[in-house]
Amino acid sequence: MRQSRTFIPTLRESPADAEIASHRLLVRAGYLRKVASGIYEFLPLGTRVVQRISRIIREEMNAAGAQEVILPIMQPRELWEESGRWAKYGPEMMRLKDRAGRDFGLGPTHEEVITDLVRSNVSSYRDLPLNLYQIGTKFRDEVRPRFGLLRAREFLMKDAYSFDRDEEGMRLSYQAMYEAYGRIFTRCGCTWRAVEAATGLIGGDVSHEFMVPAAVGEDHIALCDACSYSANLELAGYRRVEPPSGERKPMERVSTPGQRTIEEVSAYLGLEPRRMIKCLMYLVEGKPVAVLVPGDREANEVKLARVLGTDEFRLFNEADWRDHPEYLQGYVGPVGLDTAEVIADESLRGAGGLACGANQEDHHLVNVEEGRDFRPHRFADVTSARTGDPCPRCGEPMRVEAGIEVGQVFQLGLKYSEAMRCYYQDEDGETRPMYMGCYGIGVTRLMAAVVEQHHDERGIIWPLSVAPAFLHVLALDYQREERRRAAEDLYVECLRRGWEVLLDDREESAGVKFADADLLGIPFRAVIGRGYEEEGTLELQERATGQKVRLAPEDLFRRLQEARESFRDLAERGDL
């Protein structure tokens, strides 16, 4: 690529809506441009990065036995109604009609389409196991697109789907994809973690997310360094310590005029927030449910959904409080609460010396004991872990860190195959449902995650495996004949060797060229300047380390070849 002829519209200033490094740098360096909220176009260098990531994914998917297909983004309503997700998926799926008035969804995911493909064409045990994947466009109408590619509405995704005869086969397919994912993220230059995860709208019972640790990550994971336990905070458990207790005293009603929040009441009563009972009122499929958590904790609604067995619930809104005057907003408590199901977090089991709402305006109850003054209908883990909580496996303190989800794998089981009658015949002629797995990687999201882990204040620092070029040739004062000839010779030799190279042949100042080179982030840079005229040497710079060395042209090629081979060896060992 010649820079004078390549469309790389760099910017000196960051876009106003860019909140994180990857968004800011990818736009400034001319890899992306915004079309609309959460929708981006990829320019030539950005397209090359996406293609290189996609190539790594294809190599690992093919090596693991998956076969590539191309699936449509427009999906008919009928398929989604078979799975029961047409009504359940919500406004994230863009819905539209064709000219005949038929309903379609703009595919946010492809479980229904792939299940229909397999059930229509696979009927015998001889055809299983089967794993099909695609790299294609998805659309999810996010309520608040932000962070550039990390929460876009339109994005490129790799999704694979496995079909097996039985549960054991599904587990083997799942493990093969799990291991392939680790190789993919390592080859892309990422530090990553696989963590236990909730399955959400996709479904299934077992799932892992692949997280790239980054300060800007919207997901959080609980980690135990002692036993390697790790889980998304939505799912992470923790051991409960001894519940709060105190001197056994009779429960007492006290006046708390104007005090409604946990902070206000705990300060007024002189109690630690953990001794307060926070009583949260939910409407669950139209019925009120009270959820009790310690005052210093928040309810985890992903865990709560698993406990309730439904995601059709929400916190009371103002209309709900009006419709249910038996619950006094700001003063609800569990004592005497017999008109709603009561679910308490495990940390409240056997707790004493507590305070809670008295179900009377401007009053609270103190010296409250679980088991004596109130009894929940059931206990469950409905609060989030936090730094310092004991690990659920070994009991050692955990820590919580932010991360970017770049992939997720699911054991779907029979969720879609039974609903959509995706069956096969076994050796005895018996009809059985196929066991399915689902495996996704956000390709463009992964591109942003790589930048989040590989950048500095000057620009991007691409790992060699995904960089848009291997070498950036900078000829300073390009109009000088000797320097121009050396740059052209170097460019031609790189092309002959099959190396990707970007030649900065622009008539720009040295300052502009160096600033753009830092911004673009190509791994190696060959600078042709005064030293070439005086000594016949070039300056080879490594973007990641800043290391510089002067070399004769023939030594330059040897050094670069060694760097390529070293990188390839690291990738093969998984040591990147």
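I take helices (H or I, at least four residues) and strands (E, at least two) as DSSP runs, numbered from the N terminus.

**Ground rules.** I am working on a predicted model, where local features need pLDDT of at least 70, side-chain atom pairs count only at pLDDT 80 or more, and totals for chains, interfaces and linings use all residues. I number residues from 1 along each chain as its sequence is written, and side-chain values use heavy atoms, with hydrogens and water left out.

**Entry 1: Val-212.** I found Val-212 in strand 10. Is Val-212 buried or exposed? Val-212 is buried, with a relative accessible area of 0%. (Buried means under 20% relative accessible area, exposed over 50%, partly exposed in between, with a 1.4 Å probe and protein chains only.) Next I listed its contacts, meaning heavy atoms within 4.5 Å. Leaving out residues up to four places away in sequence, Val-212 touches Cys-190, Thr-191, Gly-403, Ile-404, Val-406, Ala-449 and Gln-453. I also checked Thr-191: it is 21 residues from Val-212 in sequence, and the C-alpha atoms are 6.0 Å apart.

**Entry 2: aromatic pairs.** A pair of aromatic rings is described by the distance of the centres and the angle of the planes. Rings of Phe, Tyr and Trp (its six-membered ring) pair if their centres lie within 6.5 Å; planes under 30 degrees apart count as stacked, over 60 as edge-to-face and the rest as tilted. I counted 14 aromatic pairs in the structure. Tyr-181 and Phe-210 make a tilted pair, 5.3 Å centre to centre with 55° between the planes. Tyr-181 is in helix 6 (residues 167-187) and Phe-210 in strand 10 (residues 206-213), 29 residues apart. Both Tyr-181 and Phe-210 are buried. I then looked at Tyr-282 and Phe-313, which pair edge-to-face at 5.7 Å centre to centre and 70° between the planes. Tyr-282 lies in strand 14 (residues 277-284) and Phe-313 in strand 16 (residues 313-315), so this pair ties together parts 31 residues apart in sequence. Tyr-282 and Phe-313 are both buried.

I noted one aromatic cluster too: Tyr-178, Tyr-181, Phe-185, Trp-192 and Phe-210.

**Entry 3: charges over rings.** I call a charge over a ring if NZ of Lys or CZ of Arg is within 6 Å of the ring centre and within 35 degrees of the ring normal. The charged end of Arg-95 sits over the ring of Trp-86, 4.7 Å from its centre. The charged end of Arg-564 sits over the ring of Phe-470, 4.6 Å from its centre.
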